[in-house]
Amino acid sequence: MQKKAVKQRNIFLRIRISNSEDLAILEIHDIRNSILIPAGFITVKISGDKGGFLQDETCYREWRKKRLRSYPQNVEEIRVQVDSLLNVTARQKAALITACKRANMAIYHCRNAAVDRAAVATFASGFGLTRLDHHLCANADGVSELAVASEGVRTTYVPYSSRSLSWHTDGYYNDKERQINAVILHCARSAATGGENALLDPELAYIHLRDEDPRFITAFEHPECMTIPANRDALGEIRAAVSGPVFSYALSGEIHMRYSARKRNIQWRDDALTTAARECLTQLLEDPNGPVFHYRLKAGEGLISNNILHNRTEFNDGPGQQRLLYRARFFDRIRTQ
Ligand SMILES: [Fe+2]
C-alpha cells in the first residue's frame, strides 16, 4: 500500500466552543485559508489567552480588512424590526445576528411595545444568552430596571440617576469569573429629553489602537492595567478590589474589552504607554468623524450587544415620562451560528 506523506503545518484557528461551562469544541475554522477543518485530522494547540490569530500579523491584517469592510457606515444599518420579543421570526433573528457579526450590536424595534422583564429574558435566550449576572441592583430575576431611584441602595449609583454616564463597558468592576460578555438594554419608556447613547464596537477600538501603535495593545493587555478599588459601605466591603487588563481574549478568539473613562475610583497602571493608549482611545471616542454611533432608544426599542463601549447623556423626566430601561447582563456571548 502506498503511504501518503503527511505534511505538518502551522495554521491559525478560530474554534467555536459550546456556550455551556464545559469546554466542547463544536467547529474548527482555518482563518487564513477560510476553510472548515475536520477536527479529527489535526492536533490543536490552544493559545487563547493572547488572542491567538491576532498575534500573527498576516492573519491579523486579513481579519482587520474584513472587519473594517463589513463595519456599518451608520446606525441605520444595524436597526431591525421585530414583531414581538416573544416571537422573533427566523428572518428577523438572522438580520439581528448579521448586525451583531458586523458591529457586535443590533438595535431592534418591537412592533408590539408591551414588553416586560420576562420577555427580555425570553428574547435573550434565543441568542444563547441565559446566564444572567445577578448583581447588587438587579431584580430577583436578574434583570435590572434603570430609572431614577428615589430611595435605597440604587440612589448611590449613577446609572440609577438622570446624570450622564461616561464611556464604559458593563461590569468593568467584575472579576474574570464574572466577566460580562453580552448586554441587552430595552427601553420601556424614554425620558422627556436626553438619554442618548453613544456606541462603539470594541473591535474597532482595538484596530484603531493597534494602527496607532501596537504597543498600546500590549499595555492594555497587562493584567494590572486597570484596578477598581474595593466597594465599601458603612457595613463593610461589598466587593474586593479588582485588577485586570483592558483587552482579553476568549478561547474562540473574540476580544473582550474592560474599560471605564471615570476619573474617580479607577487606578490605571502608572506607565507612559498605558497613559498614551488611554489618550488615543479617548480621541477615538470623542472623534465626531469616527466610527461611534449615536442613538436614542425609544419605547419598544432595544440594544443587544456583545458588551460594547457605550455612554449616556443626561436626561430629564417629564410628567408621566419617567425613563425606564430594562437591562440584562450575561456571562454568555451572543450566539451567531
Ligand atoms: Fe452600561
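**Ground rules.** I'm looking at a predicted model, where local features need pLDDT of at least 70 and side-chain atom pairs count only at pLDDT 80 or more, while totals for chains, interfaces and linings use all residues. Residues are numbered from 1 along each chain as its sequence is written.

**Open sheet.** I looked up the strand order and got S7-S20-S10-S18, an open sheet of 4 strands with antiparallel pairing. At the edges I found S7 (165-168) and S18 (293-295), each pairing on one side only. From one strand to the next the twist averages 15° (axes are lines fitted to C-alpha atoms, for helices over the stretch in contact, and angles run from 0 to 180 degrees between N-to-C directions). My strand and helix labels are DSSP runs numbered from the N terminus: helices are H or I with at least four residues, strands are E with at least two. Two strands pair if DSSP finds at least two bridges between them.

I then checked S10 (residues 197-200) against S20 (residues 309-312): they are antiparallel over 4 bridges. Leucine 199 sits opposite histidine 310 of S20.

**Strand S22.** How many residues of S22 are buried? I noted 6 of 7 in this strand, residues 324-330. Buried here means 20 or more other C-beta atoms within 10 Å of a residue's own; exposed means 12 or fewer, partly exposed lies in between, and C-beta atoms are placed from the backbone. S22 pairs antiparallel with S6 (residues 143-146) over 4 bridges, and serine 144 has arginine 327 as its bridge partner. S22 is also joined to S8 by 7 bridges, again antiparallel, with valine 183 partnered by arginine 329.

**Core.** The largest nonpolar core has 66 residues, and Met105, Ala106, Val120, Ala124, Phe220 and Ile304 touch the most other members. Such a core is a set of buried Ala, Val, Leu, Ile, Met, Phe, Trp, Tyr and Cys residues joined through C-beta atoms within 7 Å. Strand S8 (residues 182-189) gives the largest share, 6 residues. I followed isoleucine 304 and, leaving out residues up to four places away in sequence, found it touching Leu96, Cys100, Met105, Ala106, Tyr108, Phe127, Ile184 and Ile334. Contact means C-beta atoms, placed from the backbone, within 7 Å.

**Helix H5.** Which residues are buried in H5 (residues 214-221)? I wrote down Phe216, Ile217, Ala219 and Phe220.

Asparagine 104 has phi near 60°, a positive value in a residue other than glycine. I placed it in the loop between helix H2 (90-103) and strand S5 (105-110), and it is buried, with 29 other C-beta atoms within 10 Å. Asparagine 307 has a positive phi too, near 50°. It lies in the loop between strand S19 (301-305) and S20 and counts as buried, with 25 C-beta neighbours inside 10 Å.

**Leucine 68.** Is leucine 68 buried or exposed? I found leucine 68 in helix H1 (residues 57-70), exposed, with 12 other C-beta atoms within 10 Å. Its C-alpha atom is 9.7 Å from that of alanine 103, 35 residues apart along the chain.

Conventions:
Two residues are in contact if their C-beta atoms, placed from the backbone, lie within 7 Å.
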